[in-house]
Amino acid sequence: MPAIDALEVNGKRMKVEVDGDRSLLGVLRDVLDLTGAKYGCGEGRCGACTVLVDGAPVRSCVTRVGDVASKAITTIEGLERDGSLHPLQRAFLETGAMQCGYCTCGMILSGVALLNRKPDPSREEIVDAMNGNMCRCGTYPRVIEAIRLAARSLKGGSR
């Protein structure tokens, strides 16, 4: 695969000079110093490395950077706007869904993708969308609560 010289990450064009076969996770962490996405299983099964590519959750540890070079990539670092956390980031804090924090970035990005395509998801839709995002601390009920809270917040509803 040819070398990549630029990526669109978090709404900005970033210069990189990497082999297109390199993992997206490696480029984000080691070249761009965006360390929110974590290396977990290395097989795309745990979700710790999840980022959004054109709005869809993607496991960056098994995604070649050359395959996404022309697409919009969003990391956890790109969710904040004008100094304010994304409503799902705030909801994770409010509900205690974040414990050790290792899985949190991937969980939040998977949740954001869900809320972008389904603003008022049912419990079953949340569980289905989050399937594949593993949490060693077992905060799954709080993750569901956080997504529901963020959905209400995004709709302008009460907390």
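Predicted model: local features only at pLDDT ≥ 70, side-chain atom pairs only at ≥ 80, totals over all residues.
## Overall fold

The secondary structure of the chain comes to 5 helices and 5 strands, and along the sequence these elements follow the pattern β-β-α-β-β-β-α-α-α-α. The chain has a radius of gyration of 15 Å, close to the 15 Å that the globule rule gives for 159 residues, so it is as compact as a globular protein of that length. Taken along the principal axes, the box filled by the C-alpha atoms is roughly 50 × 30 × 25 Å.

Of the 159 residues in the chain, 47% are buried, while the accessible surface comes to about 8,200 Å², with 47% of that area belonging to carbon and sulfur atoms. When contacts between residues at least 6 apart in sequence are considered, 55% of them join residues that are at least 24 apart.

Strand S1, which covers residues 3-9, pairs with strand S2, residues 12-19, in the antiparallel sense over 6 bridges. The two strands form a hairpin with 2 residues between them, and in this turn asparagine 10 has a positive phi of about 55 degrees.

S1 also pairs with strand S5 (residues 72-74), here in the parallel sense and over 2 bridges.

## Helix H1 and its cover

Helix H1 runs over residues 24-31, and its buried residues are Leu24, Leu25, Gly26, Val27 and Leu28. The elements that cover these buried residues include S1, S2 and S5, together with strand S3, which spans residues 50-53. Just after H1, aspartate 33 takes a positive phi of about 60 degrees.

In helix H2, which is made up of residues 87-95, the residues Pro87, Leu88, Gln89, Ala91, Phe92 and Thr95 are buried. These buried residues of H2 pack against H3 and against helix H5, which covers residues 140-155. Just after H2 comes glycine 96, which takes a positive phi of about 75 degrees.

Leucine 93, which is also found in H2, has a relative accessible area of 51% and therefore counts as exposed, the cut-off for that term being over 50%. Together with Leu85 and Met98, Leu93 forms a nonpolar patch on the surface, and the three residues have about 270 Å² of accessible area together.

## Cysteine 105 in helix H3

Helix H3 takes in residues 104-117, and cysteine 105 lies within it. With a relative accessible area of 14%, cysteine 105 is classed as buried, because that term applies to residues under 20%. Leaving aside residues up to four places away in sequence, cysteine 105 touches Gly36 and Ile76.

How values were computed
Residues numbered from 1 in each chain as written. Heavy atoms only, no water. Patch = residues over 30% accessible without salt bridge, like charges linked within 9 Å, V, L, I, M, F, W, Y side chains within 5 Å. Areas by Shrake-Rupley, 256 points an atom, 1.4 Å probe, with all protein chains shown as cover. Salt bridge = Lys/Arg side-chain N within 4 Å of Asp/Glu carboxyl O. Helix = DSSP H or I, 4+ residues; strand = E, 2+ residues; numbered from the N terminus. Buried < 20%, exposed > 50% of the residue type's maximum accessible area, 1.4 Å probe, protein only. Rg over C-alpha atoms; globule rule 2.2 N^0.38 Å. Contact = heavy atoms within 4.5 Å. Pairing = 2+ DSSP bridges.
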